[in-house]
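Hi,

Here is the structure I promised to pass on. Have a look at it first, and then read my notes below.

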Amino acid sequence: GETVSPSDSIKLVVVSDNDALYYKVVKGVTSIVEKSALGITTSVGDFSTGLSEPSFTERLVDDSYSLPSGKRSRYDNTYKEATVSCNKDGHTVQFIFRVYDDGVAYRYAILGSGDISVYAENSECLPVRQEKVYSQQYTKNNQALYEENDTEFMACELYTPLPLLVHTGSDYQIFQPTDCQYRGYGISSTSRHDDRANFGRQ
C-alpha cells in the first residue's frame with residue numbers, strides 16, 4: 001500500500017516481498033529512502049519474516065493544540081497515519097507510520113495483553129544518496145559534537161547511533177529516534193540490534 005502526506009509532498013510505499021515487509025519514502029518525484037526492511041524480534045515471535053499478506057488502512061489525523069506561551073499560540077500537528085497489519089503464529093503485528101509534510105516516522109505494535117520482551121529490532125533505513133554523513137559519537141550525556149564520517153566506512157559498520165545527519169547533495173535529512181519505549185534504535189545497512197527490553201502490551 002501507499003499513502004501521501006497531507007499536502008502530497010511526501011509519499012510512503014510499503015511492499016511485501018517473500019513474506020517480509022519493506023518501505024520506501026519519496027519526496028516529490030525523488031526517492032529519499034530506498035527499499036528498507038521492517039521487523040522486530042520478540043518473545044512471542046520474530047516479525048521480520050514469515051508474515052501473512054498485509055492489510056493496509058490510512059486516516060488523516062489533526063492533533064493540533066494550543067500553547068500557553070511562546071512565539072506561536074497554536075501548533076499544527078497534521079499527518080496521515082498508515083497502519084499495516086500482518087499475522088504470524090496467531091499473533092498480530094502492526095507497523096504504524098506517520099507521514100508528515102516534512103518527514104516519516106514509524107513504530108511497532110503487537111496486539112494482545114501481558115508482558116512481552118523485545119530481543120532485536122531488525123529495521124533498516126537506507127538513504128538513497130549519502131554524499132556526507134554527520135554523526136555523534138556515543139557519550140553518556142549526548143553532548144558530543146557531530147563529526148563528518150566517511151560514507152564507505154559507515155556502510156561497513158554494523159550499527160550507527162542516532163541521530164544522524166545525511167547530506168544528499170541537494171538537501172539534508174535527519175534520522176533520529178522519537179518516543180521509544182525500549183532501547184536499541186539506530187540506522188545502518190543492516191541495523192540489527194540485540195538490546196533487550198521488557199514492556200507491557202496495551
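This is a predicted model: local features need pLDDT of at least 70, side-chain atom pairs count only at pLDDT 80 or more; totals for chains, interfaces and linings use all residues.

The strands themselves (E, at least two residues) are DSSP runs, numbered from the N terminus.

Residues are numbered from 1 along each chain as its sequence is written, and side-chain values use heavy atoms, with hydrogens and water left out.

Now the strands. S10 and S11 run antiparallel and are joined by nine bridges; they form a hairpin with two residues between them, and aspartate 89 in the turn has a positive phi of about 50°. S11 and S12 (residues 103-110) are antiparallel as well, with eight bridges, and they also make a hairpin with two residues between them. Seven of the ten residues in S11 are buried (under 20% relative accessible area, 1.4 Å probe, protein chains only).

Then there's valine 84, which sits in S10 (residues 78-88). Valine 84 is buried, at a relative accessible area of 1%. Beyond its neighbours within four places in sequence, its contacts include Val14, Leu21, Pro54, Phe56, Val93 and Phe95 (contact means heavy atoms within 4.5 Å). Valine 14 is 70 residues away along the chain, and the two C-alpha atoms are separated by 8.3 Å.

Cheers

Definitions and conventions. Helices (H or I, at least four residues) and strands (E, at least two) are DSSP runs, numbered from the N terminus. Buried means under 20% relative accessible area, exposed over 50%, partly exposed in between (1.4 Å probe, protein chains only). Two strands pair if DSSP finds at least two bridges between them.
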